[in-house]
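Student: I would like to go through a structure and ask what stands behind each label. Can we do that?

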Amino acid sequence: MKSFNILLVFMLVIVSCKDKKSTPLASEKSVETVNYSTYGNEIQSIGAISESEMWNRYKHLEVSDTLTSKFTATVTEVCQAKGCWMKLKLEDGQEAMVRFKDYGFFMPKDIVGKEVIVNGKAFVEQQSVEDQKHFAKDAGRSEDELALISETKKTYSFEADGVLIKQ
């Protein structure tokens with residue numbers, strides 16, 4: 001009888017160690033891996049807010065206010081001279097003008113339409129006519145379009161220390 005019990009325990013151990021083919025439980029959903037290209041400081045995608053939530057934050061900022069933020073948005077325009085700035089879509093047809101901390105890195109010129117995550121400081125500024133013309137020229141605007149710029153403009157700006165571009 002003692003031999004039989006030992007044999008039974010041995011068989012149970014072997015059966016329980018067999019490789020089981022199982023399907024994941026509902027709580028074990030697979031996580032989609034998203035690849036990003038990193039520019040500037042290495043940042044994580046976790047904690048980024050949406051473009052609409054960022055727009056709600058911008059609406060409460062006054063000129064010269066600064067707010068540390070990380071948000072996801074779609075690129076609408078990139079400097080075609082060097083990639084030294086980009087514009088990101090916000091809600092209600094608004095855009096955020098993104099420049100890069102200490103002129104330390106640049107964006108590829110062909111990322112219009114791509115989703116990015118930017119980390120840094122959001123602020124509102126009155127952009128001079130001279131700066132508006134400079135950025136319009138960098139974007140490839142015609143002389144006729146440059147001539148139409150004649151007043152300062154309230155601009156939603158962002159100084160990024162790190163950017164992720166979704167691949």
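What follows is a short exchange on a helix, some strands and a pocket.

Tutor: First, this is a predicted model, where local features need pLDDT of at least 70, side-chain atom pairs count only at pLDDT 80 or more, and totals for chains, interfaces and linings use all residues. Residues are numbered from 1 along each chain as its sequence is written, and side-chain values use heavy atoms, with hydrogens and water left out.

Student: Why is Gln-132 called buried?

Tutor: Its relative accessibility is 11%. Buried means under 20% relative accessible area, exposed over 50%, partly exposed in between (1.4 Å probe, protein chains only). Therefore Gln-132 counts as buried.

Student: Where is Gln-132 found, and what is it in contact with?

Tutor: Gln-132 is in helix H3, residues 129-138. Helices (H or I, at least four residues) and strands (E, at least two) are DSSP runs, numbered from the N terminus. Contact means heavy atoms within 4.5 Å. Leaving aside neighbours within four places in sequence, Gln-132 contacts Gln-127, Ile-149, Glu-151, Thr-152 and Lys-153.

Student: How do you know that the buried residues of H2 line one face?

Tutor: In H2 (residues 51-59), the buried ones are Glu-51, Met-54, Trp-55 and Tyr-58. Down the axis of H2, they fall within an arc of 105°, so they line one face of the helix. The arc is that of the directions from the helix axis to the C-beta atoms.

Student: What makes E3 largely enclosed?

Tutor: Four of its five residues are buried, so the rest of the structure largely encloses E3.

Student: How do you know that E3 pairs with E2?

Tutor: Two strands pair if DSSP finds at least two bridges between them. E2 and E3 have three, in the antiparallel sense. Glu-77 stands opposite Lys-87 in E3. E3 and E4 also run antiparallel, joined by five bridges. Leu-88 has Ala-96 in E4 as its bridge partner.

Student: What makes a pocket a pocket?

Tutor: On a 1 Å grid over the protein atoms alone, a pocket is an open set of points with protein on both sides within 12 Å along at least five of seven lines; in a cavity, a 1.4 Å probe fits but cannot get out. Lining residues have an atom within 4 Å of a point. Here the largest pocket has a volume of about 430 Å³, the space filled by probe spheres set on the points, which are joined across faces, edges and corners. Of its 22 lining residues, the closest to the centre are Lys-87, Glu-95, Gln-127, Gln-132 and Lys-153.

Student: Which element gives the most to that lining?

Tutor: E6, with four residues.
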